[in-house]
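The sequence and the model come first.

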Amino acid sequence: MSSCLVSVVMGVYNAKDSVHAAVCSILEQSLEDLEVIIINDGSTDDTIEILKSLQGKDSRVKVINQENQGLTRSLITGCKHAQGRYIARQDADDVSPPDRLQEQVNALEADASAV
């Protein structure tokens, strides 16, 4: 796997109404050196079809399907697959401003003591 600057990890369960906007807000970031790792936590609605469509359109989207285990376990799984120098979190109903990740990276790189 290739590495990137930021891995965005998202746990998703039955989020068909919001997940498309959440993922697109990450894919449209000013910082493009990223991957989006989405753990589909056993969704029973149309979430998986939306995720497959997004994955088919952008190679930075990686979808992992699992039986429902809850958000915490989903995030642990996502972090295990992360290739980025930094890990960012995004929920399936969040929409990030276009400069969010660049501003966070700038802040982290400006202060070596920041975690």
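## Charge pairs and their surroundings

Aspartate 58 is buried, with a relative accessibility of 18%; buried means under 20% relative accessible area, exposed over 50%, and partly exposed in between, with a 1.4 Å probe and protein chains only. The model is predicted, so local features need pLDDT of at least 70 and side-chain atom pairs count only at pLDDT 80 or more, while totals for chains, interfaces and linings use all residues. Residues are numbered from 1 along each chain as its sequence is written, and side-chain values use heavy atoms, with hydrogens and water left out.

Aspartate 58 forms a salt bridge with arginine 60, a salt bridge being a side-chain nitrogen of Lys or Arg within 4 Å of a carboxyl oxygen of Asp or Glu. Arginine 60 is also buried, at 18% relative accessible area.

| Pair | N to O distance | Relative accessible area |
|---|---|---|
| Arginine 60 and aspartate 58 | 2.9 Å | arginine 60, 18%; aspartate 58, 18% |
| Arginine 85 and glutamate 109 | 3.2 Å | arginine 85, 60%; glutamate 109, 44% |
| Arginine 89 and aspartate 91 | 2.5 Å | arginine 89, 32%; aspartate 91, 27% |

Arginine 85 and glutamate 109 are joined by a salt bridge. This pair links distant parts of the chain, since arginine 85 lies in strand 4 (residues 84-89) and glutamate 109 in helix 4 (residues 100-110), 24 residues apart. Here arginine 85 is exposed, whereas glutamate 109 is partly exposed. In the pair of aspartate 91 with arginine 89, aspartate 91 is partly exposed, and arginine 89 is partly exposed as well.

Over the whole chain there are 10 positive and 18 negative side chains, with the centres of the two sets 6 Å apart. Lys and Arg count as positive and Asp and Glu as negative, without His and the chain ends; each charge is placed at NZ of Lys, CZ of Arg, CG of Asp or CD of Glu.

## Fold and dimensions

The chain contains four helices and four strands, in the order β-α-β-α-β-α-β-α from the N terminus. Helices (H or I, at least four residues) and strands (E, at least two) are DSSP runs, numbered from the N terminus. The C-alpha trace spans about 45 × 25 × 25 Å along its principal axes. Of the 115 residues, 45% count as buried. Among contacts (heavy atoms within 4.5 Å) with a separation of 6 or more, 81% are between residues 24 or more positions apart.

Helix 1 (residues 19-27) is largely enclosed by the rest of the structure, because seven of its nine residues are buried. The buried residues are Val19, Ala22, Val23, Cys24, Ser25, Ile26 and Leu27. Their cover includes strand 1 (4-12), strand 2 (34-41), helix 2 (47-57), strand 3 (61-66) and helix 4.

Alanine 92 sits in the loop between strand 4 and helix 4 and is buried at 10% relative accessibility. Apart from neighbours within four places in sequence, alanine 92 contacts Met10, Gly11, Val12, Ala15, Ser18, Val19 and Ala22. Val19 and Ala22 are among the buried residues of helix 1.
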